[in-house]
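Work through the exercises below with the model open. Each task is followed by a stepwise solution.

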Amino acid sequence: MERVIVSMQDPDMGMKMRNQRLLITVIPHAMTGRDIVDWLIQKYTITEEEALHIGNFLVKYGYIYPLKEPRNLCLKQDETPYRFQTPYYWTSTRWPASELDYAIYLAKKNIRKQGELIEYEKECYNALHKRINHTWDFVVMQAREQLRASKQRRKADRIVLECQEQAYWLINRPPPGVMDILEQGPDRRNVSDVMLYMWCLPLKNKLCMFVWVCSFVKYCEQYQDHDPIMQGCLPSNPWITDDIMYWNMNSETVTMPTKLRVERWSFSFMELLNDPLGRKELLTYLEKEFSAENLCFWQACEEVRHGEASKIAAKVDEVYKQFLAPGASRWVNIDSKTMEKTLEGIKHPHRFVLDDAQMHIYFLMKKDSYPRYLKSELYKNLLAKAIVPQETKKSVFPFMRRQRHSSPSPALVTQTAEDNGKAKPSAAKANAGTASQI
Amino acid sequence: MCDQTFVAITFGPCDSCSQNKPLMNIYLQNEPVNYCSLCVELMACQGLAKGETVSTLRAESENLKAKLEEERAKLHDVELHQVAEKVETLGQFVIKTRRTLKGHGNKVLCMDWCRDKRRMVSSSQVIMRSAAVCVLQEHAVTMPCTWVMACAYAPSGCVIACGGLDNKCSVYPLSLDKNENLAAKKKSVAMHTNYLSACSFTNSDMQLLTSSGDGTCALWDVESGQLLQSFHGHSADVLSLDLAPSETGNTFVSGGCDKKANVWDMRSGQNIQSFETHESDINSVKYYPSGDAFATGSDDATCRLYDLRADREVAIYSKESIIFGASSVDFSLSGRLLFAGYNDYNINVWDVLKGTRVAILFGHENRVSTVRVSPDGTAFCSGSWDNTLDFNPV
């Protein structure tokens, strides 16, 4: 933020400042709110809204303060005069705004004009009086001295100094109900002294940047039609129209998938596997090719990798019996080297013992079965039959609100499996008080 | 789509203690060796004891860093936005807030979507809620600590994990009975020596990845609460992590207060890649949908995109008028848009390819602490210190 302020005060390119009349005295080097906003717009080529937003922050953080209504720390885009706060009082210098200083400030105010302290300030004053009673004489003496010194200054200077100090304390001791701008969240420890880390120069592909950078463009273009935020989604975005057709049509158990979804399976093997419906389709296809055991093996390996640690040994054993043992019912075709290594590893089973075999099968499916699946009749038929949903128009009668039903919780799904369908999904009306809708 | 190119011996007999353990590849006097993590620690401490002071190690690491930069610079020949010039420009976006959840009584610190695309969990200074958003059904759990900075939904949707200043990550099973006291079923899984900054489930409910203010990330087994792997390499608080959506599903990236973003291999615990171009704390990291790159948001008011294969930063998203740090970033489904929430209460939407800002959203009255796009990409949710969560589709 200082960067902005410093450039604002730049004699050539900075803000135009002029003398402002405040009551009777003339304050030098003041500027109007309007000027501030205009300057920001011009310098950073931003919209008015954004300039106002930034300007507001400058005031809230105490770099600029208003002269007319000092308690109201916000930027008004009119003729209200403002001034720059002196760097001594900048928030970034982080002087600890101690209680002693605050006490002196309040005492000064009290002495200067009885009854000038407002409610919360009075409370603070009394609280401080109790707390640092032992130094109270010192506080009062300091306050008196400072007041005497300031009386010797010109009135304009005096007002300026008073305003500066007031602005400073408004930021550091905000009145109740006003947000504390200085709140930062939990403290973060910064760089520690001991830096022990191993530098490993990784294996790098020496291809040039152009290739990688083009891949981003390609990816974005490929997925553009599937991105609801960019292209909108059919039948309609459920967040806009409250119509959950889109989610229903794309749920996992639907019989006929949408065209976009089926298209997406052709982007990469991972897309196909990640979609449960896609996986089912692939299984059907592989069964026709008599290589379904590959997919089953891959799935079993995934379960070992991500499952509970206590069950690993048992699962690995099962996998061995089903897929790897010589003469197993669903024997998978892995090259001998990997097979040897895996069998060796199974003697001491751990989470990653099947990784090499799994990788091998994965790439086998990816390079062989997957491209053939995409060319197969099964896939082409599905693509042809897939639905392209109709766009639903927004309801004409705005007062006819749809009943909002809760979707069945995933917790419910597993519970139903256990309880045999005793629980039912609940449907409740929307709570108008807590939701706002445009 | 490129295959994982980093192949390292990750499990087997350690070169020094000969026990079968997960291994780390390190270079000793320019020779690659495989040590288990215990031996690495021992050796590092011994190295220091033998007269290698911290300053000599530091000098050595500076040397290596300089060498790495040299290598990287040789390969730089084109910028992302140059290639993207041919891509058509995006029109102006009109993004409106559709729903606002005001139920939190305190600053919203973190949120996560469930895979069913409708539910989310959000955490604030005290309460953690899960809400289905078409109907505002909610569970609320009071946490024993003041700042709950991390929360995550499990892939199955049945379990929630959260943690914060209590240095722990606790796991709560969700049930339908609203009256049931969820806090009673809580299970502490992760234990760190400083606050928990982020947590995430890996592909299943059984494993939890956490990052902490003590400078480490760790992988835990949920069932037993056991530490499976720990990741050392940051020299300051780790603030954020994200799992790679890659085929092999073995890596994740973390960003911290030491301005570094590190990519880790989950199996070996090794730091595969490191990026240090930010000028201040990295608050948030997020993978590009294809898994080949990731974006970071930082206190230096910029967001940057790093490519993993080219091993360097490829784009910076910044503007002179943005002077506050970015607290949270997320990509849209196609990866074309980057949503970034800032400490100046705004959300800026960037065009990832061209590097320009597409839209700016003024919806909040206090810092935006978290921005997340829903799993199907239909909307994104922003949580803020003004106690609300806003949902915005287009």
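**Exercise 1. Describe the make-up of chain A.**

Step 1. Chain A has 20 helices and 4 strands. These are DSSP runs, numbered from the N terminus: helices are H or I with at least four residues, strands are E with at least two.

Step 2. Check the ground rules. This is a predicted model, where local features need pLDDT of at least 70 and side-chain atom pairs count only at pLDDT 80 or more, while totals for chains, interfaces and linings use all residues. Residues are numbered from 1 along each chain as its sequence is written, chains are lettered from A and ligands numbered from 1 in the order in which they are written, and side-chain values use heavy atoms, without hydrogens and water.

Step 3. Of the 438 residues in chain A, 43% are buried. Buried means under 20% relative accessible area, exposed over 50%, and partly exposed in between (1.4 Å probe, protein chains only).

Step 4. Take the contacts between residues at least 6 apart in sequence: in chain A, 60% of them join residues at least 24 apart. A contact means heavy atoms within 4.5 Å.

**Exercise 2. Trace the salt bridge between A:D355 and B:R267.**

Step 1. The two side chains meet at 2.6 Å, N to O. The criterion is a side-chain nitrogen of Lys or Arg within 4 Å of a carboxyl oxygen of Asp or Glu.

Step 2. A:D355 lies in helix α18 of chain A and B:R267 in the loop between β19 and β20 of chain B, so the pair joins two chains.

Step 3. A:D355 is buried at 7% relative accessible area. B:R267 is buried too, at 16%.

Step 4. Widen the view. A:E302, A:R305, A:D355 and B:R267 are linked in a network of salt bridges. Over all chains, the structure holds 19 salt bridges.
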